[in-house]
Amino acid sequence: MIRADGLWLNAGGRWVLQGLSLDVVRGELAAVTGPNGVGKSLLARALAGLSPLSRGKVTVDGVDIRRRKARRMVGYLPQQCGLYDYLTVDENVRFYAAVAGVSWRQRKKVCGDLLELVGLAKAGGQEVARLSPGQRQRLALARTLAGDPAVLILDEPLAGLDADGRADVRHLLAELAGMGKTILATVGDPDGLVLNRRWQLAEGVLKGGEVA
Amino acid sequence: MPMLGKEWRRLLRSPSLPWMLGLYVLVPAVVAGVYLQTAGRLPTGMMPQFVPLMGAQALSNVAAWQVLLLALWAPWMTAGTLASEVEERTLDTFLAGGGRLLSAVAGKLVAAWSLLGLVVLAGLPAFALPMLIGGINVRLMGRVAALELATAVLMAGLGVLLSAFGRRSGGVAMAGVALGLMLTLGTALASGVAGSTSGFGGDPRISAMMGIPMGDMAKEGPKWLYGNPLVGLNSALDNGAPALVVVPGNWTMTVWKEYRLWQVQLVGAGVIGIVSGLMAWLAMLVRLRWRRPRLAWSRRKAVAVSGTEA
């Protein structure tokens, strides 16, 4: 579903990715682990088509990620959530649904379904600035799903959450994988995530990757 | 365009909006009210001579205040927008979700322009008081309002352009306000200083506004003063000097035409505003596509979030 071939990426004069390749098939929940500063976030950005690569190619269902068609198949969750604090919970999801091309008539239903899925149905009118870190992360996931992407690239989805928050997100990711979404998460510590595939990022290349 | 709606919400929910709107409408109303009261107290014999002058003076003060406020407010409103989207990583999610960079820049610019257009409209009642005093007509009022709108378009465009280069939204917003100050009060002050040392008087109205003695002045200030919206306003109010000669084209029969400064500013501000938006888009394209990512930033953020170092 999402495939990276020979990615080379230079950051701050250092080759963070050195010919890295990976392949995640449909419906898999995969993770790239590694210590802080090893380049996991840059890998996630590169897979989402946001970091300029020196060499290599990322494809989604065979389509180059630099094309808009491929980007619309991908939902990207950055480490900082990427939410608008001045919008309400509901408005955040609706905005991203509109960006993803969901029609005006469908947006209300899509937004309601997604907030229901992440357990924020009652917080629709609440300002994002007032949400707890766990609620923010769940809202960010709902926002990522707004365009119904086939592939989710999640950068540290468990970071900064307490035990309950991590359990919620783990449960949600398992549920999404069960719904047929292809998920690739970068995590420092998988912390109980039930993974189909796991890589270790070190020295710019991936190790492991066996099917669990 | 989703970005337009989102930006409208951001601007309308900004805590500074009620304050700025209050300053924009209420201060001119109070100033014009004072003029109205003074005009009413004039002896009957002096009224025909002085009332029209007072009306024009009131309009001049009201418009100068509003233009100055717009020149500072518009870049403050727009200068941090793209920088904050980069800072908060919301631009990443917007682009990764299938959004186009051009629609992000255009949405921000159009939202700022339309809101400032409404602000100019909301400020029009402040012109009603000078009209009550007398000596001004609707055409003059329309000319002033158009110049205010042009100032807003120019400064909002320059603000968006600045935001494409900035890294921290707060710093870029301050730079935007500094740019507004430089264009208005800065050029006026420099003109006054140049006038006091070299003998030319600078623009009379600006010199008077800055409290600089006019002395034996030449009719025109330095050419760079033509970019100052307050000088354009002066030209709109007086319908007088300075006039600029513009050559529309190098045709077989060269056409020379004389335009007033406010007319040139009106067109120039619109063109520069739009070109600034396009340049902001190009600058962001270069910034996002060709600039090397920085690992150090990513590592600092990672440590801040997880609280651990590798």
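**Entry 1: strand pairing**

Two strands pair if DSSP finds at least two bridges between them. I kept that rule at hand while reading this predicted model. I looked up A:Ile2 first. Its bridge partner in β4(A) is A:Val60. I then took the two strands as a whole. Strand β1 (residues 2-11) and strand β4 (residues 55-60) of chain A are antiparallel, and 5 bridges link them.

In chain A, 4 strands make an open sheet in the order β2-β1-β4-β5, with antiparallel pairing. Its edge strands are β2 (14-24) and β5 (63-64) of chain A, each pairing on one side only. I also checked what lies across these strands.

**Entry 2: strand β3 of chain A**

Is strand β3 of chain A buried or exposed? I went through its residues, 29-33, and found 5 of the 5 buried, so the strand is largely enclosed by the rest of the structure. I noted which way they point. A:Leu29, A:Ala31 and A:Thr33 face one way from β3(A), while A:Ala30 and A:Val32 face the other way.

Next I looked for its partners. β3(A) runs parallel to strand β8 (residues 182-187) of chain A, joined by 5 bridges. On that side I found A:Thr33 opposite A:Val187 in β8(A). β3(A) also runs parallel to strand β9 (residues 197-202) of chain A, with 4 bridges. There A:Val32 stands opposite A:Trp199 in β9(A).

**Entry 3: the two domains of chain A**

I wrote down the domain bounds. Domain 1 of chain A covers 1-73 + 150-212, and domain 2 covers 83-147. Their centres, taken over C-alpha atoms, are 23 Å apart. I then listed the contact between them. Domain 1 of chain A brings 11 residues to it and domain 2 of chain A brings 10.

Which helix gives the most to the domain 1 side? I found helix α6 (residues 163-178) of chain A, with 5 residues. By class, that side of domain 1 of chain A holds 5 nonpolar, 2 polar and 4 charged residues.

**Entry 4: the nonpolar core**

I turned to the largest nonpolar core, which has 149 residues. Those touching the most other members are A:Leu47, A:Ile153, B:Ala74, B:Ala112, B:Leu116 and B:Ala156. Helix α8 (residues 138-165) of chain B supplies the largest share, 15 residues. Both domain 1 and domain 2 of chain A give residues to this core, so it lies between them.

Not counting residues up to four places away in sequence, A:Leu47 touches A:Ile2, A:Ala4, A:Val58, A:Ile153 and A:Leu184. A:Ile2 is the residue I began with, the bridge partner of A:Val60.

**Entry 5: A:Val93**

I ended in helix α3 (residues 89-99) of chain A, where A:Val93 is found. Why is A:Val93 called buried? The cut-off is 20 or more other C-beta atoms within 10 Å. A:Val93 has 29, so it counts as buried.

I then listed its contacts. Neighbours within four places in sequence aside, A:Val93 is in contact with A:Cys111, A:Leu114, A:Leu115, A:Ala142, A:Arg143 and A:Ala146. I checked the spacing for one of these. A:Cys111 lies 18 residues from A:Val93 in sequence, yet the two are 5.9 Å apart in space, C-alpha to C-alpha.

Terms used: Residues numbered from 1 in each chain as written. Chains lettered and ligands numbered in written order. Predicted model: local features only at pLDDT ≥ 70, side-chain atom pairs only at ≥ 80, totals over all residues. Domains from an automatic or database assignment. Contact = placed C-beta atoms within 7 Å. Nonpolar A, V, L, I, M, F, W, Y, C, P; charged D, E, K, R; others polar. Core = buried A, V, L, I, M, F, W, Y, C linked by C-beta atoms within 7 Å. Buried ≥ 20, exposed ≤ 12 C-beta atoms within 10 Å, placed from the backbone.
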